[in-house]
Amino acid sequence: APRLLSERLTLMGRWQYRYFPQEDYFGLGPQSAKEARSTFLLEERELAAIARVGLTPWLTWSTKIAHLDPRIGEGTDKQYPSIGELFTDSSAPGLGQQPTFLETGTLLELDTRDQRGNPRSGTYVSLLGARFGDLDDLGYDFARLGAEVQHYVPIFDKKRVIAVRAAFNRYEPRGGSTVPFYYILPLGGTDSIRGFTDFRFRDLNAVLFNAEYRWEAFS
């Protein structure tokens with residue numbers, strides 16, 4: 001329903017099934033080792049309702065409520081051991097049992113980029129707050145706080161761009177709970193730190209800084 005309140009309010013319902021049989025896990029924290037690379041299956045069903053309000057052409061506020069049903073299994077990447085061979089529930093929290101979750105969250109976005117997919121100018125800022133409630137009372141209640149800033153400075157005809165980015169994520173266990181490893185956003189790879197393998201680092205607190213010079217070889 002995208003045309004409510006003069007096209008300023010969008011309401012969405014979503015059912016989503018995710019099946020990722022070759023996810024990588026190296027352990028928690030900056031001390032995790034490349035030699036500890038393991039593989040696991042992440043399977044999840046999500047039923048969500050989302051409301052988005054366009055406060056101005058460049059400022060959007062969204063809120064979400066979702067029922068999440070994750071499951072962890074053995075990975076199918078034969079190059080690496082399955083996660084259960086190298087890690088336990090203490091070194092990979094949430095490995096032993098996975099509850100269902102009620103996720104509630106809010107997101108504020110400021111976006112002046114000229115285009116989302118390949119921006120050459122403008123700024124993007126996001127602030128996120130979310131709560132994950134353990135519906136099975138297995139000790140996995142937690143909250144997530146996140147923020148990100150992107151800024152793009154074009155040079156000449158926008159085929160050359162200076163791009164800078166800063167991002168922050170914090171996960172806060174609630175009342176003696178722990179945070180499942182599979183819900184901690186990883187760092188590493190082309191979307192964050194290109195010098196490291198995808199999913200290389202996971203931790204309850206993470207800060208990321210990027211600076212790039214981009215030259216467009218082909219349109």
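Let me start with a definition: rings of Phe, Tyr and Trp count as a pair if their centres lie within 6.5 Å. For Trp, the six-membered ring is used. By that rule, a search of the whole structure finds 13 aromatic pairs. Hold on to that. One caution before going on: this is a predicted model.

Take two of the pairs. The ring centres of F101 and Y183 are 5.5 Å apart, with the planes at 70°. Planes over 60 degrees apart count as edge-to-face, so F101 and Y183 are an edge-to-face pair. What does this pair tie together? F101 lies in strand 4, residues 101–111, and Y183 lies in the loop between strand 7 and strand 8, so the pair ties together parts that are 82 residues apart in sequence. Buried or exposed? Both F101 and Y183 are buried.

Second pair. F132 and F142 have ring centres 4.6 Å apart and planes at 5°. Under 30 degrees counts as stacked, so this pair is stacked. F132 sits in strand 5, residues 122–134, and F142 sits in strand 6. The two are 10 residues apart. F132 and F142 are both buried.

Now put the pairs together. Ring pairs link a cluster made of Y25, F40, F87, F101, F132, F142, Y171, F181, Y182 and Y183.

Look at R200. R200 lies over the face of F26, at 5.0 Å from the ring centre. R200 also lies over the face of F201, there at 4.5 Å from the ring centre.

Step back to the fold. How many helices and strands are there? The protein has 1 helix and 8 strands. In sequence order the pattern is β-β-β-α-β-β-β-β-β. The C-alpha atoms fill a box of roughly 55 × 40 × 30 Å along the principal axes.

Burial next. The protein has 219 residues, and 42% of them count as buried.

Charges. There are 26 positive and 28 negative charges, and their mean positions are 7 Å apart.

Now some single residues. E7 has phi near 70°, a positive value in a residue other than glycine. E7 belongs to the segment before strand 1, which spans 9–25. The relative accessibility of E7 is 56%. The cut-off for exposed is over 50%, so E7 counts as exposed.

F156 has phi near 60°, again a positive value in a residue other than glycine. Where is F156 found? F156 is in the loop between strand 6 (142–155) and strand 7 (160–173). F156 is exposed, with a relative accessible area of 77%.

L5 is in the segment before strand 1. At 60% relative accessibility, L5 counts as exposed. How far apart are L5 and E74 in space? Their C-alpha atoms are 47 Å apart, across 69 residues of sequence.

L47 is in strand 2, residues 38–56. L47 is exposed, at 53% relative accessible area. Which residues does L47 contact, leaving aside neighbours within four places in sequence? R14, W15, I65, A66 and H67. L47 and D69 are 22 residues apart in sequence, and their C-alpha atoms are 8.9 Å apart.

Last one: T104, in strand 4. T104 has a relative accessible area of 32%. That value falls between the 20% and 50% limits, so T104 is partly exposed. Leaving aside neighbours within four places in sequence, T104 is in contact with K64, I65, G129, A130 and R131. The C-alpha atoms of T104 and A49 are separated by 9.9 Å, and the two residues are 55 residues apart along the chain.

Definitions and conventions: Residues numbered from 1 in each chain as written. Predicted model: local features only at pLDDT ≥ 70, side-chain atom pairs only at ≥ 80, totals over all residues. Heavy atoms only, no water. Helix = DSSP H or I, 4+ residues; strand = E, 2+ residues; numbered from the N terminus. Buried < 20%, exposed > 50% of the residue type's maximum accessible area, 1.4 Å probe, protein only. Lys, Arg positive; Asp, Glu negative; His and termini not counted. Charge placed at Lys NZ, Arg CZ, Asp CG, Glu CD. Lys NZ or Arg CZ within 6 Å of the ring centre and 35° of its normal. Contact = heavy atoms within 4.5 Å.
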